[in-house]
Amino acid sequence: MVSMSSATDQLNDTHLHQVRTRILDWYAQNARKLPWRQPDTTAWGVLVSEVMLQQTQVARVWEPWLAWMQRWPGPAELAAAEPADVLIMWGRLGYPRRALRLHETAKAVVEHHDGVLPADPEKLLALPGIGEYTAAAVSSFAFGIPEVVIDTNVRRVHARIFTGDGAAAPSLTAAERRLAATLMPETTTEHGVAQANTWNVATMELGALICTARAPKCQECPVLDQCAWVAAGKPEPTTVAKTQSWNGSDRQVRGAIMGVLRAQGAIDVVHLQATVEATGRLGRHVPEDTQWNRALNGLVADGLATLKHEVLALPGTEN
DNA sequence: AATACGGGGCT
DNA sequence: AGCCCAGTATT
């Protein structure tokens, strides 16, 4: 394993320039024509795509993004929507709290930014559901501000090419931020700024299409002969992220309840029992009372479900 | 620094 | 049966 400091030490201008050029050229030839990359996409549309893409793959976001933008083209339209409709429209994208945060952001943009999404990454960061990655991504992709964009793809690509590791560390480190900043093209000219923004998306694209987490397509990689990880014989990653269990988890139960609520066309839990009985079952996993109540109370507390009337009997909770 | 938080697709 | 995914917020 090569340490981060020695990796940056061996970065000479020629090597870095070649890596940049090859990845930028590769992107020019291989970029996917994603709907949110169309030139007429608004900054708001870019934000919507980025929020949907948080922990959700491109293939699953494609159609929902199109339908969403058709229904709510801008922050004003979304701000005027009912939270229940927003959650139902979110569908099965996962992590439905993202939909709620996006709705809150739309309202904040209307209220505090004259209905115009700000370009400043710090202002974006202050909006709900927008963190370090999304703020930088929207600034760079939608507004052409050369922020350093670091997502899971970028981290893996940098780790392999420059550090020689098969995978990035479990969480983003200061060393990774420094390296990523060092790798950005100079932004002293207008052309440099444009190149820096393309560098951001090109590195992400390389990670998504070629330098994938499992079974990377190294034979098709434009920087195969400049990759520190390949040069080291592609050693297996030392750190393996532990996977969170799913079967029987609260998340599974919460997700199943949300599925029933979407199917009934309303997020109020008053009719939940009737819906569950009418549709047969909640899912494969039948929760115990305590877990059912914990999940339901959690959803209500999170604003993902509403309790407009007192619920007299929930499935399995009648005494 | 750890943990909670969906859901589906791929190996 | 794991592993992974254009992360964020909370503890």
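How many nonpolar, polar and charged residues does the lining of the largest cavity have, by class? The legends below take up this point and others. The model is predicted, so that local features need pLDDT of at least 70 and side-chain atom pairs count only at pLDDT 80 or more, while totals for chains, interfaces and linings use all residues. Residues are numbered from 1 along each chain as its sequence is written, chains are lettered from A and ligands numbered from 1 in the order in which they are written, and side-chain values use heavy atoms, with hydrogens and water left out.

**View 1. The largest cavity of the structure has a volume of about 100 Å³.** The structure holds 2 cavities of 30 Å³ or more. A cavity is a set of points, on a 1 Å grid over the protein atoms alone, where a 1.4 Å probe fits but cannot get out; lining residues have an atom within 4 Å of a point. The volume is the space filled by probe spheres set on the points, which are joined across faces, edges and corners. Of the 15 lining residues of the largest cavity, R160, C211, C218, C221 and C227 are the closest to its centre.

**View 2. The lining of the largest cavity comprises 13 nonpolar, no polar and 2 charged residues.** Here Ala, Val, Leu, Ile, Met, Phe, Trp, Tyr, Cys and Pro count as nonpolar, Asp, Glu, Lys and Arg as charged, and the others, Gly among them, as polar. At least two lining residues come from each of helix 10 (152-163) and helix 13 (228-231). Helix 10 contributes the most, with 3 residues. Helices are DSSP runs (H or I, at least four residues) numbered from the N terminus.

View 3. Helix 12 gives the most, namely 3 residues. By class, 6 residues of the lining are nonpolar, 3 are polar and none is charged.

**View 4. Cysteines C221 and C227 are both shown with C211, whose sulfur is the nearest cysteine sulfur to C221 and the closest to C227.** A search of the whole structure finds 0 disulfides, a disulfide being a pair of cysteine sulfur atoms within 2.5 Å. C221 counts as buried because its relative accessibility is 18%, buried meaning under 20% relative accessible area (1.4 Å probe, protein chains only). C227 is also buried, at 9%.

Key: On a 1 Å grid over the protein atoms alone, a cavity is a set of points where a 1.4 Å probe fits but cannot get out, and a pocket is an open set with protein on both sides within 12 Å along at least five of seven lines; lining residues have an atom within 4 Å of a point. Buried means under 20% relative accessible area, exposed over 50%, partly exposed in between (1.4 Å probe, protein chains only).
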